[in-house]
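Dear colleague,

Please find below the structure I promised to pass on, followed by some notes on what was found in it.

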Amino acid sequence: MVLAQLGGSISRALQQMSNATIIDEKVLNECLNEITRALLQSDVQFKLVRDMQSNIKKIVNLDDLAAGHNKRKIIQQAIFNELCKMLDPGKPSFTPKKGKTSVVMFVGLQGSGKTTTCTKYAYYHQKKGWRPALVCADTFRAGAFDQLKQNATKAKIPFYGSYTESDPVKIAVEGVETFKKENCDLIIVDTSGRHKQEAALFEEMRQVSEATKPDLVIFVMDSSIGQAAFDQAQAFKQSVSVGAVIVTKMDGHAKGGGALSAVAATKSPVIFIGTGEHMDEFEIFDVKPFVSRLLGMGDWSGFMDKIHEVVPMDQQPELLQKLSEGNFTLRIMYEQFQNILKMGPISQVFSMLPGFSAELMPKGREKESSAKIKRYMTMMDSMTNEELDSTNPKLMNESRMMRIARGSGRQVREVMEMLEEYKRLAKIWSKMKGLKIPKKGEMSALSRNMNAQHMSKVLPPQMLKQIGGMGGLQNLMKQMGSTKDMMGMFGGGDK
Ligand SMILES: Nc1nc2c(ncn2[C@@H]2O[C@H](COP(=O)(O)OP(=O)(O)OP(=O)(O)O)[C@@H](O)[C@H]2O)c(=O)[nH]1
């Protein structure tokens with residue numbers, strides 16, 4: 001992910017500046033030049049980068065800073081603010097309201113990921129209790145309707161389209177009317193992809209917009225579009241009133257900087273980013289946490305939200321209690337696996353931690369480990385309650401293993417491998433035995449009872465190495481202020 005590299009380059013430039021004994025004009029210039037280079041390499045438009053550089057210079061007047069001022073902090077803050085300013089047009093986009101009908105039209109270049117993103121957007125809202133519906137007004141690309149239909153069916157979202165009608169305006173209007181009658185509160189209109197050179201297609205897009213009167217037009221942009229982003233985004237904005245941007249394929253090798261340019265061109269905020277081909281690989285976009293992550297400063301609140309999303313706080317002490325008694329059972333392992341899968345891509349969660357980046361967890365390996373977790377869970381589904389709740393390692397004899405293998409359609413070898421994994425985790429968790437457990441609602445007390453020593457025992461060795469050993473861990477814990485959520489994170493998501 002090249003955007004992570006941009007973050008890395010900026011962080012390094014700031015670090016180098018921090019290492020200098022005195023921060024003078026020369027050191028500041030070197031740092032800014034380094035950041036400028038990184039932004040240009042990431043395809044951010046030249047003019048934006050130049051403006052940012054001169055703004056920072058205006059804010060950070062080294063001569064004016066009285067002695068004793070923390071210049072590094074001021075410079076870092078100025079860079080942070082400027083990057084936020086680039087990504088924040090200053091006014092929020094129209095936000096649909098649950099229960100009240102809104103029409104949202106998606107536009108963008110060919111292949112930018114509109115159809116996929118329409119479904120992700122619908123699915124995201126459906127999970128939150130909305131009644132979304134999809135309308136396929138793409139009569140240009142053969143197969144577009146089938147694609148939308150397939151996606152919508154998978155997500156159980158109602159859809160509208162036609163194999164025979166060639167007028168996108170007619171389909172769009174009919175679709176919107178149909179779903180209005182059905183009381184859908186989020187009607188999403190997918191349009192065909194087009195380029196700024198294709199005047200006729202732009203006119204058609206304008207007509208669809210005029211006929212359906214969308215409350216919000218979302219410009220979908222592939223993050224690999226590069227320097228062309230500004231001009232293309234501007235062309236769309238001139239034809240229809242683009243109100244928000246979604247940047248797709250942020251998981252790929254794209255440079256991602258075009259997103260900054262698209263915001264500038266459309267004067268509209270990025271509201272979501274696409275991070276994969278799957279339906280749930282879709283993240284809400286917030287400027288400050290994003291820039292924070294980019295600069296390696298972490299997104300503490302996002303991380304906490306993610307943890308709280310999957311592990312209700314009041315369940316945590318209960319589990320800790322069991323663990324402190326040394327009762328790590330297969331059922332606990334099963335529940336942990338469920339939480340890991342619910343948490344979504346580990347690399348995503350990882351990049352929210354201060355000092356971490358998504359680069360640490362290659363995507364390929366992540367998919368592999370989810371598949372493994374799912375395989376283990378299938379085998380555990382064939383276990384009896386006695387087996388799941390036992391703490392006696394001798395219980396799992398050969399005949400039980402053979403039965404589980406048969407029941408789950410796996411090999412005995414795989415059952416043995418899963419039990420080995422269980423033993424490994426049980427051993428790790430046995431080190432937590434005797435840990436003083438806070439009462440319900442007193443989670444903060446846990447951080448006082450935990451120290452880096454405890455943590456280092458729980459972390460997988462490879463991860464401990466990545467953090468920078470005991471020293472790195474102590475620093476990280478200091479930055480995080482509390483360890484309770486880290487336990488959940490590294491121990492498997494549920495403590
Ligand atoms: N890796 C990755 N692939 C994505 C993402 N979003 C979309 N894609 C893929 O991009 C390709 C194009 O997506 P579509 O949704 O068909 O694009 P479209 O803009 O509707 O295409 P047109 O209708 O031809 O304009 C598909 O293979 C998608 O799976 C993303 O966030 N990450």
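A residue is called buried here if 20 or more other C-beta atoms lie within 10 Å of its own, exposed if 12 or fewer do, and partly exposed in between, with C-beta atoms placed from the backbone. This is a predicted model, in which local features need pLDDT of at least 70 and side-chain atom pairs count only at pLDDT 80 or more, while totals for chains, interfaces and linings use all residues. Residues are numbered from 1 along each chain as its sequence is written.

Of the chain's 495 residues, 40% count as buried, and its secondary structure comes to 24 helices and 8 strands, taken as DSSP runs (H or I of at least four residues for helices, E of at least two for strands) numbered from the N terminus.

In helix H9 (residues 229-239), the buried residues are Ala229, Phe230, Gln232, Ala233, Phe236 and Lys237. These buried residues of H9 pack against strands S1 (102-108), S5 (216-222) and S6 (242-248) and against helix H10 (258-266), where a contact requires C-beta atoms, placed from the backbone, to lie within 7 Å.

Helices H7 (residues 168-181) and H8 (residues 199-212) pack with their axes 9 Å apart, at an angle of about 25 degrees, the axes being lines fitted to C-alpha atoms over the stretch in contact and the angles running from 0 to 180 degrees between N-to-C directions. H7 and H8 are therefore roughly parallel to each other, a term that covers angles under 35 degrees. Their contact is made by Pro168, Val169, Ala172, Val173 and Val176 of H7 together with Glu204, Gln207, Val208, Ala211 and Thr212 of H8.

Best regards

Methods
Parallel < 35°, antiparallel > 145°, perpendicular 65-115°, else oblique. Contact = placed C-beta atoms within 7 Å.
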